[in-house]
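Colleague: I have some questions about how the terms are applied here. Please set each value against its rule.

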Amino acid sequence: MQFMLLFSRQGKLRLQKWYVPLSDKERKKISRDLVQTILARKPKMCSFLEWRDLKIVYKRYASLYFCCAVEDQDNELITLEIIHRYVELLDKYFGSVCELDIIFNFEKAYFILDEFLLGGEAQETSKKNVLKAIEQADLLQEVSQTPKIFT
Amino acid sequence: MPAPIRLRELIRTIRTARTQAEEREMIQKECAAIRSSFREEDNTYRCRNVAKLLYMHMLGYPAHFGQLECLKLIASQKFTDKRIGYLGAMLLLDERQDVHLLMTNCIKNDLNHSTQYVQGLALCTLGCMGSSEMCRDLAGEVEKLLKTSNSYLRKKAALCAVHVIRKVPELMEMFLPATKNLLSEKNHGVLHTSVVLLTEMCERSPDMLAHFRKLVPQLVRILKNLIMSGYSPEHDVSGISDPFLQVRILRLLRILGKSDDDSSEAMNDILAQVATNTETSKNVGNAILYETVLTIMDIKSESGLRVLAINILGRFLLNNDKNIRYVALTSLLKTVQTDHNAVQRHRSTIVDCLKDLDVSIKRRAMELSFALVNGNNIRGMMKELLYFLDSCDPEFKADCASGVFLAAEKYAPSKRWHIDTIMRVLTTAGSYVRDDSVPNLIQLITNSVEMHAYTVQRLYKALLDDISQQPLVQVASWCIGEYGDLLVSGQCEEEEPIQVTEDEVLDVLEGLLVSNLSTPVTRGYALTAIMKLSTRFSSVNRIKKVVSIYGSSIDVELQQRAVEYNALFKKYDHMRPALLERMPIMEKTATNGPTEIVQTNGETEPSAVEPKHPPPVTQPANQANDLLDLLGGNDVVPVIQTTMPTKPASAGGELLDLLGDLSLSGIPPMTAYNKNGLKIDFTFERANPNPNIAVITIHASNSTEAEMTDFVFQAAVPKTFQLQLLSPSSNVVPALNQGTVTQVIRVLNPQKVSLSMLTYTHKGSPVQDLAEVNNFPPQSWQ
């Protein structure tokens, strides 16, 4: 995977994870253009498209679009499963996740993503293990913060 | 200074902003506060401040002043700090800036930290954004962690190694020992990441690939266990056990089995098993099937398996889920070359996909349809494709039009069908056809000799409807100029002839000249067409008037043409008929494949290669002048030598061969001249469409010891008939009958007397001779 973007129906970016080295300016341009392209697509259209020289896989969950750019040899259908798995993880963690959870706890969304994917590939295929790791890390964070400084 | 506001608080505040300006103001205020906090080296709240900065960065505001702070957080001992610090590094730091190198030492320390979650953070950051320098420095640490028994760390180290290898391929060797027992792990996370690592190594190095082939049995076993094992809640997705791992294993098997018989055989059974047993009701099952199909098609699988794979794709095509259909079309496109027949079976489903609403699916279906067109299905397929051309989006039209032309050229069942198809494309997508298709179409039309009347009539009717599509207009005006006489004569066999007067035709062409829709190129075509009609129509005066008007046109190209045509009317009126007569059939140019002499109606008329753009009608007047001077004084019609590029010598050989084989027209050849070792033979054919024209090919051979150079053959004929001399194959007649020079003459009604003049240089001295050829066979002028 080259990058993953989460954005709202109004085109506001909620999460951006880049696995390829690009400057801030380049990232902004790509995000802007890609978001426009995807928002312009009709609901019944297929989840895959070729954009520039990338394969894009996207899916809409309620008010959020989850969009990944994958390599040529990557299996698009399993990428949809990856996206779905991430949503399930968020759902389990936040308890019935909604966009607001991701807005107000964006750093947690990143932490969860980083326990699921590394360098653009899945590092753990067990939902239970990912959530357990996050739980432990959160605990560690709690312990290390005395007094409570963060959030 | 009061404590900086909390992250959530800030988020809440910013979201209350009602305008962009308000938001910007809030952000600026907060940034200022954060900056001063950074300046004060406040350790306590650094973490909170950086987190806020990251939020603002996501909204699109600059946050580069937080980069160093991230580094400080990473260096901190507190886990919270590290967590936010590494996150900030991944979001804000760019490997192109040297700042990121400062991270290296921290990461190195954290890779050896006592807490696995800290080690995890370090591995994650390195594996996500490590630059080549960092990777070089830290590869050793990663390699160490790849051998640990801690599966939490091992899986991360594996993916980190993948990143290192991508950045610094030379380091791949160093990870080889650690891969020894990766696949014996029970932990799925480690298994998955190990397979990814092995895949990366095999893709990059043929040596590694050969080395890892021995893992095929083990991989097959793991896959088998996944499929056969019972329900495992931890890895289950809709009834399938760890689909992610299955897909990755299938992909690795694909790489290992490619071009290797033994490996392919070893995986044959498991592939068949996966292909037949996987549940297809959900996307996840189809994802596995998809990967299986890709693998089957790429390795050296037996034909039964391949057919199974194509059938799976065929079933995919019928799936309601358009993602599945898309994936099927993509895969079929890849396999259509190798397994053509199998894919043909699904042709009708593929053609149905042309009507899909999704753009990507339509494009795939179009490409696949063109790949499937053959001699048997051309009529049906073309109907569908033309219908598609009518209704598709503009982005497809150019490609579709080109595809239709190519397919029509290859498989047209009849000339009429071919012309009709071209007409259909021109009228429906006329403005999208590529520029080079105009000359190609013109060449095609000239070749379909018996369809000329039908073609020009249809094109004329199309012009009446619509003059906006330039390629259509250009082809139409060229045809009208060429075959206008057929148009007004009302002779059309293929369909109901229309009644058109000369004036009406000229109206249309003049309309093109003045219309704003016409491009300069189109205007050029129109003017030339009008000029050509001067020898085909009787309303010459009208044409003269039009041409003279354009002599002062602003467009230089038009002006030049008009001036030259005017000159033709005024000073060289006698040359006009010959100059503007019907074009000979054009030879296909090399761009479309080997040069062929186009055979139509059994005639092989060798003709020179036509330049691609508007046919050159204007001959430089000087050349004609020279000839006049040479033969001046005689009461003869001067010979017009059409200036066409001479053919390469090899083509001369082809001509000879072809002509040698033919004895079509039944007119016996004759020897026209035989003197001083130079022998000239004439062979005859009848021209098409005008059988009154005899096509004579002269063959000059030389039986002396020295070759004859600068050989020029010229013919002059009495006023009663016309003659056209084409370019000779060469100017050198080789000695001792080693070869011949050929030249084609087109003569209207050759009769008993004809004068020919020969000049050549033999053994250094020029020779000139005048001969009378009067032994034409009787058949040649009847």
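**Terms and values in a predicted model**

Modeller: An unreviewed UniProt entry lists residues 1–140 of chain A as "domain: AP complex mu/sigma subunit". The model itself is predicted. In it, residues 1–140 of chain A are 47% helix and 25% strand, and the end C-alpha atoms of this span lie 30 Å apart.

Colleague: Why is A:Ala137 called buried?

Modeller: The cut-off for buried is under 20% relative accessible area. A:Ala137 has 4% relative accessibility, so A:Ala137 counts as buried.

Colleague: Where is A:Ala137 found, and which residues does A:Ala137 touch?

Modeller: A:Ala137 belongs to helix α5 of chain A, residues 127–144. Not counting residues up to four places away in sequence, A:Ala137 touches B:Phe79, B:Arg83 and B:Tyr117. Contact here needs heavy atoms within 4.5 Å. A:Phe111 is 26 residues from A:Ala137 in sequence, with 9.4 Å between their C-alpha atoms.

Colleague: How do you know how much area is buried between chain B and chain A?

Modeller: The size of an interface is often given as the accessible area lost when the parts come together. Between chain B and chain A that area is about 6,400 Å², and carbon and sulfur atoms give 57% of it. In chain B, the residues that lose the most area to chain A are B:Met58, B:Arg83 and B:Phe244, together 13% of what that side buries. The contact takes 73 residues from chain B and 67 residues from chain A.

Colleague: What makes the pair A:Glu121 and B:Arg248 a salt bridge?

Modeller: The rule asks for a side-chain nitrogen of Lys or Arg within 4 Å of a carboxyl oxygen of Asp or Glu. For A:Glu121 and B:Arg248 the N to O distance is 2.6 Å. Across the interface of chain B and chain A, 10 salt bridges are found.

Colleague: How many residue pairs are in polar contact between chain B and chain A?

Modeller: The count is 29 residue pairs, with both residues at pLDDT 80 or more. The side of chain B that touches chain A has 32 nonpolar, 16 polar and 25 charged residues.

Methods
Residues are numbered from 1 along each chain as its sequence is written. Chains are lettered from A and ligands numbered from 1 in the order in which they are written. This is a predicted model: local features need pLDDT of at least 70, side-chain atom pairs count only at pLDDT 80 or more; totals for chains, interfaces and linings use all residues. Side-chain values use heavy atoms; hydrogens and water are left out. UniProt positions are given in the numbering used here, feature names are shortened, and annotations may be inferred rather than shown by experiment. Helices (H or I, at least four residues) and strands (E, at least two) are DSSP runs, numbered from the N terminus. Buried area is the accessible area (1.4 Å probe) that two parts lose on being put together, summed over both. A polar contact is a pair of N or O atoms within 3.5 Å; within protein, one must be able to donate a hydrogen and the other to accept it, and residues adjacent in sequence count only if both atoms are side-chain atoms. Ala, Val, Leu, Ile, Met, Phe, Trp, Tyr, Cys and Pro count as nonpolar, Asp, Glu, Lys and Arg as charged, and the others, Gly among them, as polar. Buried means under 20% relative accessible area, exposed over 50%, partly exposed in between (1.4 Å probe, protein chains only).
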